[in-house]
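Here's a quick briefing on how the inside of this protein is packed. Have a look at the model first, then read on.

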Amino acid sequence: MNSDFKIGGLIKKGGVIFDAEGDSPVELYKVIAESQELPDYLSKNQLYDEFIKREELMCTAVGNGMALPHPRYPLLKNEDEQRIIVCYPKKTIAMSSPDAKPVFVFFAILSSSSKVHMKILSKLAFLIQNGEFRKILAQKPSADVLAEAVDRISSPEDKIF
């Protein structure tokens, strides 16, 4: 396992989508899926369908204007294919968020194992509670700026695997 893999690296791998067009999570999941270069064994349509199936089970909005969409189970086969796609919709999206705030940023998670997936969710949950992180997100930074901020805010031992 790569002992250096951090949330910032996963964001750089997935990239950032700015001003995504869409009036609902369903529409944004299409934009997210279409934005990615995926391994041959995973189609953009399959990724999109898996985002929808997960959202149908339970809303992925977590509060503070953020959502963490992800497939119900890992879709990737290799660790080096894992990523987090950050998506800023052109306008906020009403979802069933615990705090009733509309969503202004989506962190779409693609992982290769349940263990890594849970670690990513845990680390994102920590970051979402951090005021500095939320201020940075409100500025809609690039992948490089966001990754640097995430790695600075996270502790040195805050590696995924």
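Helices here are DSSP runs of H or I with at least four residues, strands are E runs of at least two, and both are numbered from the N terminus. This is a predicted model, so to speak: local features need pLDDT of at least 70, side-chain atom pairs count only at pLDDT 80 or more, and totals for chains, interfaces and linings use all residues. Residues are numbered from 1 along each chain as its sequence is written, and side-chain values use heavy atoms, with hydrogens and water left out.

**His-117**
- His-117 sits in helix α4.
- His-117 is buried, at 11% relative accessible area (buried is under 20%, exposed over 50%, partly exposed in between, with a 1.4 Å probe and protein chains only).
- Beyond residues up to four places away in sequence, His-117 touches His-70, Ile-109 and Ser-111 (contact means heavy atoms within 4.5 Å).

**Ile-84**
- Strand β4 holds Ile-84, which is buried with a relative accessible area of 0%.
- Setting aside neighbours within four places in sequence, the contacts of Ile-84 include Ile-7, Leu-10, Phe-107, Ile-120 and Leu-124.
- Ile-84 and His-70 are 14 residues apart along the chain, and their C-alpha atoms are separated by 9.5 Å.

**The largest nonpolar core**
- A nonpolar core is a set of buried Ala, Val, Leu, Ile, Met, Phe, Trp, Tyr and Cys residues joined through side-chain atoms within 4.5 Å.
- The largest one has 27 residues, and Ile-84, Val-86, Phe-107, Leu-124, Leu-137 and Leu-146 touch the most other members.
- Its largest share, six residues, comes from α4.
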